[in-house]
Amino acid sequence: MRALVLQSTETAPAPESRAVHGHHAGSFRPALFILVFFYFWIGLAPFPNPNDAGLLTAYGNSSDQLNQLIVVTMSAIVFIALLQHPARQVVFESYMIIGVLFAWMMLSSLFSDSPATAFRRIVYSALVCMCASAVLLLPRNSSQFAKLMSIGLLAAIGLSLLGVIALPDRAIHQASDSLEQSLAGDWRGHFGHKNVAAAAMVYAVFFGLYISKRYSFWLGILITAAAGLFLLKSGGKTSAAMLPAILAAGWLFERCGALRTPLLLGGLAMLNFILMSAAVSPEMRSFLASIRVDPTFTDRTSIWELALAAAAANPLKGYGFQSFWQMSALVHGGQSENTWAVTAANAHNGYLDQIINGGLPLLLLVLVWLVVLPSHHAGVALKRRQEPELTRLFIRIWLFSLFFSCLENPFFGNNGPIWFTMLMAVFGLRYQARAHQQQPIANLGTTPTPGYPAAS
């Protein structure tokens with residue numbers, strides 16, 4: 001991403017003031033990048049107690065007052081840094097579709113059982129989006145971005161590995177856990193659940209491959225190998241199987257030209273059709289079993305069956321943002337006697353959950369924002385060849401996230417690495433597509449590396 005859009009019209013500061021500004025910005029922005037990365041990839045309370053009741057709720061941890069204060073403060077600092085960046089207009093332009101999307105969330109949540117709770121969650125989701133959109137502007141250039149990612153990933157992976165050695169009761173699923181005793185022996189690191197750990201390690205592999213090309217070959221290989229080992233030990237079969245598939249899909253995506261978006265939408269539609277059919281069709285379940293695929297997808301079909309019924313009952317406005325799962329009306333309603341799925345944290349399908357959150361209009365907006373527009377931006381960036389390795393990194397992260405969301409629901413998560421990292425890729429592809437419109441900006445006597453938004 002070259003210096004994002006930018007021919008600044010502001011009067012250049014005097015050399016002395018530029019030097020002072022550059023000195024502070026040169027250390028402050030990288031530190032802020034690491035702070036934001038650590039918040040989402042490590043969190044305030046790593047190695048959570050698996051038997052803590054708060055951990056078993058979908059959104060309970062987000063209501064912690066200290067967490068709220070830190071999120072608001074961090075977001076305010078990031079926003080101030082964004083306002084001082086000459087590329088801010090490009091970032092603000094990306095908020096147009098997001099603004100429409102969040103406006104619909106607010107409107108549909110007016111009719112939820114707890115509008116105040118839904119509105120609070122919408123605000124924090126918006127703050128996460130803002131942080132992810134601005135954090136890419138904090139590094140000076142792509143070399144510094146790769147260096148900072150190396151620091152962050154080494155800390156996150158190292159912490160998880162240290163936990164496996166020193167805190168195995170917290171870093172490894174145990175048979176004594178109150179839920180999912182069948183996961184005993186799977187590594188979860190500091191993330192709290194092996195599925196989150198597995199997805200994070202897939203991202204780390206992608207970052208490691210990029211770092212090996214852009215910054216340090218051996219450091220990138222170390223990160224890739226460590227993340228790959230943890231991925232295998234996590235027992236995350238879906239993520240492990242998707243890793244080589246996404247590498248192949250990314251290679252194909254770069255070469256299929258105008259067919260990119262139709263093929264991507266068709267692939268997502270086909271996969272979701274198969275998964276949802278497994279929840280309601282005995283024939284599909286029999287077919288899947290015949291090819292040795294678990295027809296329940298580790299009992300997700302019970303959740304999907306409940307979610308499909310809920311979506312069909314309220315397809316236009318949904319039930320309000322994050323206002324269906326684990327709400328008292330559901331948990332203590334009549335369906336609790338028929339299925340355990342009423343205790344689920346979410347639909348384990350990001351697309352289906354959007355219908356529940358805000359009806360079909362919200363699903364359409366999400367598809368435009370997260371699928372159609374990034375596909376277009378990726379095509380433009382690939383054509384312009386502005387830092388192709390960086391574009392390839394974002395494409396891999398984005399594609400993995402889209403297909404991973406067919407079996408989990410990372411969308412609009414207020415904490416954790418998956419949603420935040422996906423957003424980095426979504427915004428990153430947009431910035432890459434705009435790189436051809438930009439002029440390099442001198443940064444204290446140096447020219448920013450083409451292909452990355454430079455700090456001014």
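**Cysteines, helix packing and a proline in a loop**

Trainee: Let's start with C406: buried or exposed?
Mentor: Keep in mind that this is a predicted model. The relative accessible area of C406 is 0%. The cut-off for buried is under 20%, so C406 comes out as buried.

Trainee: And C256, buried or exposed?
Mentor: Here the relative accessible area is 16%. The limit is under 20%, so C256 also lands in the class called buried.

Trainee: How many disulfides does the model have, then?
Mentor: The rule asks for a pair of cysteine sulfur atoms within 2.5 Å. Apply that and the count of disulfides is 0.

Trainee: What about the whole protein: what share of its residues is buried?
Mentor: The secondary structure is 17 helices and 0 strands. The accessible surface is about 19,200 Å², with 65% of it on carbon and sulfur atoms. Of the 456 residues, the share that counts as buried is 53%.

Trainee: How do α8 and α16 run relative to each other, roughly parallel or roughly antiparallel?
Mentor: Helix α8 covers residues 194-214 and helix α16 covers 388-404, and their axes are 9 Å apart at an angle of about 165°. Angles over 145 degrees fall in the antiparallel class, so α8 and α16 are roughly antiparallel.

Trainee: Which handedness does the crossing of α8 and α16 have?
Mentor: On the α8 side the contact includes Y203, F206, F207 and Y210, and on the α16 side it includes L393, I397, F400 and F404. The crossing itself is right-handed.

Trainee: Now α11 and α16, roughly parallel or roughly antiparallel?
Mentor: Helix α11 spans residues 260-280, and it packs on α16 at about 30° with the axes 10 Å apart. The contact is made by L264, G267, L268 and L271 of α11 with W398, L399, L402 and F403 of α16. Under 35 degrees is the cut-off that matters here, so α11 and α16 are roughly parallel.

Trainee: Moving to P315: how far is its C-alpha from that of L360 in space?
Mentor: P315 sits in the loop between α13 (300-313) and α14 (328-331). Leaving out residues up to four places away in sequence, P315 touches I355, G359, L360 and P361. Although P315 and L360 are 45 residues apart in sequence, their C-alpha separation is 5.9 Å.

Technical notes
Residues numbered from 1 in each chain as written. Predicted model: local features only at pLDDT ≥ 70, side-chain atom pairs only at ≥ 80, totals over all residues. Heavy atoms only, no water. Helix = DSSP H or I, 4+ residues; strand = E, 2+ residues; numbered from the N terminus. Buried < 20%, exposed > 50% of the residue type's maximum accessible area, 1.4 Å probe, protein only. Areas by Shrake-Rupley, 256 points an atom, 1.4 Å probe, with all protein chains shown as cover. Axes fitted to C-alpha atoms, helices over the stretch in contact; angles between N-to-C directions. Parallel < 35°, antiparallel > 145°, perpendicular 65-115°, else oblique. Left-handed = near helix turned anticlockwise from the far one by under 90°. Contact = heavy atoms within 4.5 Å.
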